Amino acid sequence: AAGRYQLLARYFDHYKKLLGLKGFSPLSQDKIAIQLIKEQRALDDILCGRIDQAIEKTCNIWASFPGAGYKQREHSLSAMREQFWKLGGTLA
């Protein structure tokens, strides 16, 4: 796994082609993360402040999310809510 979202290498080529990316820049990584969120139908949840639902829908992608179940250290839901709020998100 690499980059700011710990993307697995086996997925990069697919998303690079799908999104027309030139490389693995921070912006490209952001675009991949947004695409992953869209694919899990969690973008509207984020935009509407339903962060708990968005985390639940995407925890299978990011092992550090609560409920991921990958036997790695998971962040608490309360810590993720707090970070979302600190970065300007509005909770529903």
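**Cysteines and helix contacts**

Author: The sulfur of C59 lies 20 Å from the closest cysteine sulfur, that of C48, and this is too far for a bond. A disulfide is taken here as a pair of cysteine sulfur atoms within 2.5 Å, and by this rule the count is 0 disulfides. The model is predicted, so that local features need pLDDT of at least 70 and side-chain atom pairs count only at pLDDT 80 or more, whereas totals for chains, interfaces and linings use all residues. Residues are numbered from 1 along each chain as its sequence is written, and side-chain values use heavy atoms, with hydrogens and water left out.

The two cysteines also have their accessibility assigned. C59 is buried, at 12% relative accessible area, while C48 is partly exposed, at 44%. Buried means under 20% relative accessible area, exposed over 50%, and partly exposed in between, with a 1.4 Å probe and protein chains only.

Helix α4 covers residues 51-58, and T58 belongs to it. Helices are DSSP runs of H or I with at least four residues, strands are runs of E with at least two, and both are numbered from the N terminus. T58 is buried, with a relative accessible area of 4%. Neighbours within four places in sequence aside, T58 is in contact with I37, Q40, A42 and F65, contact meaning heavy atoms within 4.5 Å.

F65 is also among the residues touched by E74, which is found in the loop between α4 and α5. At 31% relative accessibility, E74 is partly exposed.

Axes are lines fitted to C-alpha atoms, for helices over the stretch in contact, and angles between N-to-C directions run from 0 to 180 degrees. Angles under 35 degrees count as roughly parallel, over 145 as roughly antiparallel, 65 to 115 as roughly perpendicular, and the rest as oblique. The crossing of α4 and α5 is right-handed: a crossing has this hand if the near helix is turned clockwise from the far one by less than a right angle, and is left-handed if anticlockwise. I51, D52 and I55 of α4 make the contact with L77, M80, R81 and F84 of α5. These residues comprise 5 nonpolar, no polar and 2 charged. Ala, Val, Leu, Ile, Met, Phe, Trp, Tyr, Cys and Pro count as nonpolar, Asp, Glu, Lys and Arg as charged, and the others, Gly among them, as polar.

W85 also lies in α5 and is exposed, at 57% relative accessibility. From E74 to W85 the C-alpha separation is 19 Å, across 11 residues in sequence.

A further helix contact joins α1 (residues 9-19) to α2, with axes within 10 Å and a crossing of roughly 95°. That makes α1 roughly perpendicular to α2. Here F12, Y15, L18 and L19 of α1 meet K31, I32, Q35, L36 and E39 of α2, a set of 6 nonpolar, 1 polar and 2 charged residues. Q35 is buried, at 18% relative accessible area.
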